[in-house]
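User: I would like to go through this model with you. Could we start with the overall fold and then turn to single residues?

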Amino acid sequence: MQSTTVLFRSAALGDFVMAVPAINIARKVFEHDHIILITIQSANKDQQKMVEKYSGGKNSVPWVDLIKPSLIDEYFVIQNTNDIKEMFSLRSKLSKYNVARSILLLDPCAPWLGRIKKIILMSFLTKFAPVLGWKGEGS
């Protein structure tokens, strides 16, 4: 079964654009992997409302389609990280893949508490596949 690499990055337009070079590198390094991007407009409610205004609605991230299928094979948009039912549903979807690793594509200013939350989230979603990228200075 083909290996899968799961990437995580918030998808507000500016954040996403800044992450594209890192996504490109992930595609080159893991060229034979199935690459899945997990994204969210923003975990911050105020930021999410602002993104909704220019993106076309709640959970809309049309710019992600610009890198599919050239850099990623598919993506999932998280609506609410606090929704346990949604998290279990996404975990179930990911369990169909042979997840070898997940990579956090972090904002350079990401605080440690946020990094820890993302490590826990990705560990849960990928059934404890190694989480990479949390020590870095960001994408």
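Predicted model: local features only at pLDDT ≥ 70, side-chain atom pairs only at ≥ 80, totals over all residues.

User: What is the strand order of the open sheet?

Analyst: The order is β3-β2-β1-β4-β5, five strands with parallel pairing. The edge strands are β3 (74-77) and β5 (131-132), each of which pairs on one side only.

User: How many bridges join β1 to β4?

Analyst: Six bridges join strand β1, residues 3-8, to strand β4, residues 98-104, and the two run parallel. Within this part of the sheet, V6 stands opposite S102 in β4.

User: Which strands does helix α3 lie across?

Analyst: Helix α3, residues 84-94, lies across β1, β2 (34-39), β3 and β4. The helix runs at about 165° to β3.

User: Let us turn to T5. Is T5 buried or exposed?

Analyst: T5, which is found in strand β1, has a relative accessible area of 0% and is therefore buried.

User: With which side chain does the side chain of T5 make a polar contact?

Analyst: The partner is the side chain of R101, at 2.7 Å.

User: And which residues is T5 in contact with, leaving aside its neighbours within four places in sequence?

Analyst: On that basis, T5 is in contact with F30, D33, H34, I35, I36, R101 and I103.

User: Now a change of topic: where does Q48 lie?

Analyst: Q48 lies in helix α2, which spans residues 45-55.

User: Why is Q48 classed as buried?

Analyst: Q48 is buried because its relative accessible area is 4%, and the cut-off for buried is under 20%.

User: What is Q48 in contact with, again leaving aside neighbours within four places in sequence?

Analyst: Q48 is in contact with Q41, S42, N59 and Q79.

User: How far apart are Q48 and N59 in space?

Analyst: Their C-alpha atoms are 8.6 Å apart, and the two residues are eleven residues apart in sequence.

User: One last residue. Where is A110 found, and is A110 buried or exposed?

Analyst: A110 is found in the loop between β4 and α4 (112-125). With a relative accessible area of 15%, A110 is buried, because buried means under 20%.

User: What separation is there between the C-alpha atoms of A110 and G133?

Analyst: The C-alpha atoms of A110 and G133 are separated by 12 Å, and the residues are 23 residues apart along the chain.

Technical notes: Residues numbered from 1 in each chain as written. Heavy atoms only, no water. Helix = DSSP H or I, 4+ residues; strand = E, 2+ residues; numbered from the N terminus. Buried < 20%, exposed > 50% of the residue type's maximum accessible area, 1.4 Å probe, protein only. Contact = heavy atoms within 4.5 Å. Pairing = 2+ DSSP bridges. Axes fitted to C-alpha atoms, helices over the stretch in contact; angles between N-to-C directions. Polar contact = N/O pair within 3.5 Å; in protein donor to acceptor, adjacent residues only side chain to side chain.
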